[in-house]
Amino acid sequence: MGKFPIADAQLTKTWICRKCKGRNRAGVEKCKRCGYKYLRPKRKEKRVKK
Ligand SMILES: [Zn+2]
């Protein structure tokens with residue numbers, strides 16, 4: 001869990017378009033900016049400290 005649970009939740013729900021790198025919500029099939037179909041989830045575990 002991160003420091004900011006709300007921010008974490010938002011990151012998890014964010015999908016990045018592989019073409020235009022626009023942010024989309026989880027559940028969308030296409031980028032709403034350019035209509036590209038291939039999205040990737042935004043990485044959540046970028047900074048992991050132990
Ligand atoms: Zn796009």
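Guide: Helices (H or I, at least four residues) and strands (E, at least two) are taken here as DSSP runs, numbered from the N terminus. The model is predicted, so that local features need pLDDT of at least 70 and side-chain atom pairs count only at pLDDT 80 or more, while totals for chains, interfaces and linings use all residues. Residues are numbered from 1 along each chain as its sequence is written.

Visitor: Which pattern does the protein follow, read along the sequence?
Guide: The secondary structure of the protein comes to one helix and three strands. Taken in the direction of the sequence, these elements give the pattern α-β-β-β.

Visitor: In what order do the three strands lie in the open sheet?
Guide: Two strands count as paired if DSSP finds at least two bridges between them. Strand 1 (residues 14-17) is joined to strand 2 by three bridges, and strand 1 also pairs with strand 3 over three bridges. The pairing is antiparallel, and the three strands form an open sheet in the order 2-1-3.

Visitor: Why is one side of strand 2 and of strand 3 left without a neighbour in the sheet?
Guide: In general, the strands of a sheet pair through backbone hydrogen bonds, either parallel or antiparallel. In this open sheet the order is 2-1-3. One side of strand 2 and of strand 3 lacks a neighbour in the sheet because both strands stand at the edges, each with a single partner strand.

Visitor: What is the average twist from one strand to the next?
Guide: The axes are lines fitted to C-alpha atoms, for helices over the stretch in contact, and the angles run from 0 to 180 degrees between N-to-C directions. From one strand to the next in this sheet, the twist averages 40°.

Visitor: Which residue is the bridge partner of C17 in strand 3?
Guide: On the side of strand 2, T14 has R25 as its bridge partner, and W15 has N24. In strand 3, the bridge partner of C17 is L39.

Visitor: Which residue in the turn between strand 1 and strand 2 has a positive phi?
Guide: Strand 1 and strand 2 form a hairpin with five residues between them. The residue in question is not a glycine, although its phi is positive, about 60°, and its name is K21.

Visitor: Is K21 buried or exposed?
Guide: A residue is buried if 20 or more other C-beta atoms lie within 10 Å of its own, exposed if 12 or fewer, and partly exposed in between, with C-beta atoms placed from the backbone. K21, in the loop between strand 1 and strand 2, has 11 other C-beta atoms within 10 Å, so K21 is exposed.

Visitor: What share of the 50 residues is buried?
Guide: K42, in the segment after strand 3, has 16 other C-beta atoms within 10 Å and is therefore partly exposed. Over the 50 residues of the protein, the buried share is 6%.

Visitor: Which residues does R33 touch, not counting those up to four places away in sequence?
Guide: R33 sits in the loop between strand 2 (23-25) and strand 3 (39-41), and with 13 C-beta neighbours inside 10 Å it counts as partly exposed. Two residues are in contact if their C-beta atoms, placed from the backbone, lie within 7 Å. With residues up to four places away left out, R33 touches C17, C20 and G22.

Visitor: How far apart are the C-alpha atoms of K37 and C17?
Guide: K37 also lies in the loop between strand 2 and strand 3, where it counts as exposed, with 10 C-beta neighbours inside 10 Å. Apart from residues up to four places away in sequence, K37 touches E29 and K30. K37 and C17 are 20 residues apart in sequence, and their C-alpha separation is 7.9 Å.

Visitor: What distance separates the C-alpha atoms of K13 and P41?
Guide: K13 is found in the loop between helix 1 (5-12) and strand 1, and it is partly exposed, with 14 other C-beta atoms within 10 Å. Beyond its neighbours within four places in sequence, K13 is in contact with R25 and A26. The C-alpha atoms of K13 and P41, 28 residues apart along the chain, are separated by 7.7 Å.
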